[in-house]
There are 4 protein chains.
Amino acid sequence: MRIGLLTGGGDCPGLNAAIRAVVKQGLGEYGHSIIGFRNGWKGVVDGDVMPLERQHIRNVLPVGGTLLGTARFHPREEDGSMEAVLATLEAERIEALICIGGDGTLHAASRVADAGVKIVAIPKTIDNDVAGTDLSIGYHTAVNIAAEAIDRIHTTAESHNRVMVIEVMGRHAGWIAVNAGIAGGAEIVLAPEEPFDMDKIIKFLKHRHKAHANFSIVVVAEGAHAVPGSSMEYEVQLGKYGEIVAGAIGERVATEIQTRTGFDTRLTVLGHVQRGGSPTTTDRILGSRFGVAAVDAITRGESNVMTALRGEEVVLVPLPEVAGKVKAVPADLLRTARALA
Amino acid sequence: MRIGLLTGGGDCPGLNAAIRAVVKQGLGEYGHSIIGFRNGWKGVVDGDVMPLERQHIRNVLPVGGTLLGTARFHPREEDGSMEAVLATLEAERIEALICIGGDGTLHAASRVADAGVKIVAIPKTIDNDVAGTDLSIGYHTAVNIAAEAIDRIHTTAESHNRVMVIEVMGRHAGWIAVNAGIAGGAEIVLAPEEPFDMDKIIKFLKHRHKAHANFSIVVVAEGAHAVPGSSMEYEVQLGKYGEIVAGAIGERVATEIQTRTGFDTRLTVLGHVQRGGSPTTTDRILGSRFGVAAVDAITRGESNVMTALRGEEVVLVPLPEVAGKVKAVPADLLRTARALA
Amino acid sequence: MRIGLLTGGGDCPGLNAAIRAVVKQGLGEYGHSIIGFRNGWKGVVDGDVMPLERQHIRNVLPVGGTLLGTARFHPREEDGSMEAVLATLEAERIEALICIGGDGTLHAASRVADAGVKIVAIPKTIDNDVAGTDLSIGYHTAVNIAAEAIDRIHTTAESHNRVMVIEVMGRHAGWIAVNAGIAGGAEIVLAPEEPFDMDKIIKFLKHRHKAHANFSIVVVAEGAHAVPGSSMEYEVQLGKYGEIVAGAIGERVATEIQTRTGFDTRLTVLGHVQRGGSPTTTDRILGSRFGVAAVDAITRGESNVMTALRGEEVVLVPLPEVAGKVKAVPADLLRTARALA
Amino acid sequence: MRIGLLTGGGDCPGLNAAIRAVVKQGLGEYGHSIIGFRNGWKGVVDGDVMPLERQHIRNVLPVGGTLLGTARFHPREEDGSMEAVLATLEAERIEALICIGGDGTLHAASRVADAGVKIVAIPKTIDNDVAGTDLSIGYHTAVNIAAEAIDRIHTTAESHNRVMVIEVMGRHAGWIAVNAGIAGGAEIVLAPEEPFDMDKIIKFLKHRHKAHANFSIVVVAEGAHAVPGSSMEYEVQLGKYGEIVAGAIGERVATEIQTRTGFDTRLTVLGHVQRGGSPTTTDRILGSRFGVAAVDAITRGESNVMTALRGEEVVLVPLPEVAGKVKAVPADLLRTARALA
């Protein structure tokens, strides 16, 4: 078989592990040809191909990013790019396509599958909010980086008697904020799942600094927002590409705390470091397992499905069931974060 | 309530996260008293108690080991130690007991529960072979350390054209070997789940070094053993405490490869570094969630159960159902390890 | 002897290693008493003391920050605080003082020494710009964090064909920017030692992206500034405490590059993570050696000196010779950074 | 110019940083050709060349080992290999040679220089015992790995009340043992510079476990040996290649302690993990600076010299002055290790 492969959306650690597994399993187990497309769907539109051989995947397991490149572009019917995708797939005699990506890529994959292309998707997102799977590629590395940053900031907070506010990624779901907050021992975690009330935060901080300690760590997901009508109203601010403006919510929260408590308060915006660098063991294993499973599924004739981790097993879930849905942090995990404050 | 708390068996990273969560949730949410026992069941037999307050758990989240100490000792009816356990619990007016430990501790916990004590267990084992839960405390840190060591050894293997054999922990199950092998890009993984045939290994290595590359990484679980009747027979070697002799299987495998292939072959036995040091983010979160869940369960009146991770949720499973069972690496994961060789 | 001990200025990793060494050597080797002052010079003014015993320094070696606390406050004659310092030292019968700090603390130490107090100083600064010593406590950890962040950002830059601008600390000297830039493989490093010409940077980037690669890493020290009269003029921006405004230079450089090249350009401001977390091996050893050497010097009757690393040896240098001087990055190191672009 | 380049002796992290710097500076600054030889001096004897271009050094900065390969082989007059070296250099029209290696390679380089070849050497050794330079490539990464392993073992020692013996590298000098011991908070460090007396060690351990703590960390350099005539005599044991037998001294020390104190004692032999993996920031910078300096020196016509770090500067030292000498750990550093026990 000639199998196409692309990585779409924002880059993250673990993509190369998946690419490597697709190539190893495709070539070694089945004798398929693996045709990479550069820069996500853009490369499919442009016919920018890169046949993948063993030499391309040597030593890539510990390397972050994606050797295929990626772009935040998705094909649409309106501008003719969907048509271009189908034309390229035909011209390149692609019999099936493996798409590694986040929600946007999965959506596009589902539509391309509707147009008759055999597709297996592999989920990646550092936000961990793809539905239907316990983990997506990239999240585990990101939450580790965030937790390590909180660890570092902890010692400064304590030495200087400060409130340290740390803004982390997480647009629709607070997985990074909640889990990095637990792992780093944060006092307060603001996640999109639970709109916050600044009055309660101020009250908590004043009480804590009076009774227990003179420092605090506040972790804020970029997509956090306030309870409507509460003392500090806040809506998520978007940039020109529809992206959340980095630092906006963090800046606002830090200023509010500084002003209303008088405690020395500082902000750190983690930003791009969360999506780079060598993948953790977990992301390497996850990418490897998903890559092998995707090739197996394609070879068995499956289509319009996504590889997913459920407990200890890798399974397949129908793509239409998961595309467009957000997996929120479960209530008991939010509760644990509060319990350990 | 007066709740007893102990950590038993071998130490590992993440125990302090669980202790901290038990204390925070116990004191903060419910107003319980938490009475620690030093050095596992031994401390219960001896009545060696340490009432736990907030100050004992400050800054312990990132610290490996257990602040309560531990010992490889389990109470038995035969020598009167089971009786001593019950006597201490009564003397200290312990209403319920939280036991953090591996298979030996869980067994003992189940027997103590049979004697009428309310018990909730929390699983820990770097081998990850406790049944009923996706993860046990300590495993994730261990597999990370092993994967990092394989990464390091990779560069030496390649620079010197060597076969590098790495022995890792894993007595009854090969979780560390298989997953660290995948994450570190090992060519061969020997796990207890699949007895190995040295003839095939020699053949594979000779072919690989002739056709593809002039180095190889072989990961061996300490509990790996050979197919009975195959060219290199091997049975697990035990020390005086019933422990597997560190280095025994690794030494044997390395010598066999060196002798039969002529390739320059070296052995590394990871040993104790696998169970020490600061817990990973995953182990901190797991310990924290299990600790909170155990206190909640105790407070609700649950007994003879174990906290368990199933997918994204923490649930309770009956202790008798899991004690004494070994959770093996699933077939698809073993297959992935082979596929990526 | 009764020896006072304080840590002043911004916190950093390695301070606890020095405190631990002072206590171990002071108590163990000589039988001195070590009297800690909380929160730097502020604690001396306020008479806020904490006699240090062995139990205070248990397990602190791997912990960042300072167990004594610190503050950005220095005694002055004008407001009576210098007088208060001398009064406290007399009231507490302090025979000699060990001051761990950066330039401000060293200045103050020198003035207190002029007033007749026996003083030995230990240099710390993550900027590494204290004169007279190859290394100061805290720098090595900071440059490692910055280099690791550049490593992470590298993979994103490459996957997305971007220019990534990273602002790091370094007010008067570019040690972190230059060395993290070399270690992380940055294309451009802007340090205070060499005012930059934006025209040349734009020209270099356009050439590189046309001829060699489609991504670049630009590391900017917070204290970097432009050649006067060049196309992009820039002067360092200060906040209300005289601190450099975090992100100011980075924002300006990123905007300029984006506008004039059209390349997708993103900014990361590392901020407080640079000064936190567990100290590197180098900082632990440096703090330990300086602590032992300071106690030895005090006991021998030395005063108005600073411990310093010169090659492989720890020596003493006169405090007045080094206070107030900035140690710039040497020309050959700046040249190496350029050569490897 | 046509410049030859080789890496000899054991591999270590940072070699690729030096290779990359030689290529970048050689090609970019001067327009030289850089001709790599595979597998150290063996490749020169065999004429196994690999002309190095920019594409060979892409992404190698964070990668351990050496892309040129290496071998523990040195040319000698007796077997004709020295003659073969000169013949290859002439056949390949090599005008000057950059040799990266440890003592054996430096020796050989000095002899080849005596035969009229222009040579600049770059020192590497994880033992850090090359004379004339503060640091050699590879040491800093090794001491970090060892210190991290001690950190990990610390928590196990404490949780189980054990004596943990850790054997690290260091044949003629104890740099790794002493500095990793200080950074990891070891109680006892045995280095080749100070023959040990087992009676004193036993006495110290018994006193400590009685008075202060019930665990201890003992770090042993592989080249450590006993005071002649003392209670436990020990001479360094060599393998068939003249290498020190890994684990020999560690095994002996651990057994002695176990037997004579009765304390539960365990051994960890770090082995090959010490010389692998991604280089630290310090080793990346050192390799980069040495590489640039070597090309500059070659171009200026220098010969029979070695690049060296002295304080903050990279300088050149005459090769005959340093070859064959061992740089021992200075007395004050040994004293610091003892002071912090």
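Reader: Hi! What is the area buried between domain 1 of chain A and domain 2 of chain A?

Author: Hello! In this predicted model, that area is about 1000 Å², with carbon and sulfur atoms giving 48%. Buried area is the accessible area (1.4 Å probe) that two parts lose on being put together, summed over both.

Reader: Which residues make up the two domains of chain A?

Author: Domain 1 of chain A covers 2-138 + 279-322, and domain 2 covers 141-275; such bounds come from an automatic or database domain assignment. The contact takes 13 residues from domain 1 of chain A and 13 residues from domain 2 of chain A, where contact means heavy atoms within 4.5 Å.

Reader: Nice. Which side chains meet in a salt bridge?

Author: A:Glu243 and A:Arg72 do, at 3.7 Å, N to O. The term means a side-chain nitrogen of Lys or Arg within 4 Å of a carboxyl oxygen of Asp or Glu.

Reader: New topic: is D:Glu256 buried or exposed?

Author: D:Glu256 counts as buried because its relative accessibility is 15%. Buried means under 20% relative accessible area, exposed over 50%, partly exposed in between (1.4 Å probe, protein chains only).

Reader: And what does D:Glu256 touch?

Author: Leaving aside residues up to four places away in sequence, D:Glu256 touches D:Met198, D:Ile202 and D:Met232.

Reader: How should I read the numbering and the values?

Author: Residues are numbered from 1 along each chain as its sequence is written, while chains are lettered from A and ligands numbered from 1 in the order in which they are written. Local features need pLDDT of at least 70, side-chain atom pairs count only at pLDDT 80 or more, totals for chains, interfaces and linings use all residues, and side-chain values use heavy atoms, leaving out hydrogens and water.
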